[in-house]
Amino acid sequence: MRSDDHLPIGEVARRAGFAASALRYYEKESLISGARSDGGQRRYPRSVLRRLAFIRAAQNVGLSLDEIRAALAALPESRVPTKADWARLSSSWRSRLDEQIAGLVALRDGLSTCIGCGCLSLRRCALSNPSDVAAGAGAGARFLPSSLRRP
């Protein structure tokens, strides 16, 4: 690889929309890899921009760093991932996204009456949660769809 095939950390941060500290953290966590120049500066191959785009998308879907790490480990190290590689990795996201969409629709539709917290502070709660029965189901907003109650 030519030296101009590698980008300095500031350029990668700017182009990917991540802070340089996030890049250093992702490198420490083995989500991305870089090299050091002769002068000790951190450099990344251009292909890291695709991995960072994947990390951003996966975070937006709600994947944990451990799930992202496992997904990235399935990508080839020796070549730039293909469209088929990305399709294979993201195929499992569809049901997760559908669940999140359904949860957001339910939240949107219920906002005018109650956010489902079980607080009994609104008059509506006497109808939706008489005698605070939601408290028996555990902490948090029990009437929100589970996809919106992830810790």
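Helices α3 and α4 cross in the right-handed sense (right-handed if the near helix is turned clockwise from the far one by less than a right angle, left-handed if anticlockwise). This is a predicted model, in which local features need pLDDT of at least 70 and side-chain atom pairs count only at pLDDT 80 or more, while totals for chains, interfaces and linings use all residues. Residues are numbered from 1 along each chain as its sequence is written, and side-chain values use heavy atoms, with hydrogens and water left out.

Helices and strands here are DSSP runs numbered from the N terminus (H or I over at least four residues for helices, E over at least two for strands). Two packed helices are described by the angle between their axes and the distance between the axes. For α3 and α4 (residues 65-73), the axes come within 10 Å and cross at roughly 140°; axes are lines fitted to C-alpha atoms, for helices over the stretch in contact, and angles run from 0 to 180 degrees between N-to-C directions. The pair is therefore oblique (under 35 degrees is roughly parallel, over 145 roughly antiparallel, 65 to 115 roughly perpendicular, and the rest oblique). On the α3 side, the contact (heavy atoms within 4.5 Å) uses Arg51, Phe54, Ile55, Ala58 and Gln59, and on the α4 side Leu65, Ile68, Ala71 and Leu72. Sorted by class, that contact of α3 with α4 has seven nonpolar residues, one polar and one charged (Ala, Val, Leu, Ile, Met, Phe, Trp, Tyr, Cys and Pro count as nonpolar, Asp, Glu, Lys and Arg as charged, and the others, Gly among them, as polar).

Now for the other end of α3 and its partner α1. The axes of α1 and α3 (residues 48-61) come within 10 Å and cross at roughly 45°, which makes α1 oblique to α3. This crossing, too, is right-handed. Val12, Arg15 and Ala16 of α1 meet Val48, Leu49, Leu52 and Arg56 of α3, giving five nonpolar residues, no polar ones and two charged ones in the contact of α1 with α3.

Helix α1 (residues 9-16) also packs with α2 (residues 20-28): their axes come within 9 Å and cross at roughly 105°, so α1 and α2 are roughly perpendicular to each other. Ile9, Val12 and Ala13 are the α1 residues in this contact, facing Ala20, Leu23 and Arg24 of α2. Five of these residues are nonpolar, none is polar and one is charged.

Three strands make up an open, antiparallel sheet in the order β1-β3-β2. The edges belong to β1 (6-8) and β2 (35-36), each with a single partner strand, so one side of each has no neighbour in the sheet. Strands pair if DSSP finds at least two bridges between them; β1 and β3 have three, in the antiparallel sense, and β2 and β3 have two, also antiparallel. His6 sits opposite Pro45 in β3, and Arg36 opposite Arg42. The β2-β3 hairpin has five residues between its strands, and Gly40 takes a positive phi near 85° there.

Arg42 belongs to β3 (residues 42-45). Its side chain and that of Glu27 are joined by a polar contact of 2.8 Å (a pair of N or O atoms within 3.5 Å; within protein, one must be able to donate a hydrogen and the other to accept it, and residues adjacent in sequence count only if both atoms are side-chain atoms). Leaving out residues up to four places away in sequence, Arg42 touches Leu7, Pro8, Ile9, Arg24, Glu27, Ala35 and Arg36.
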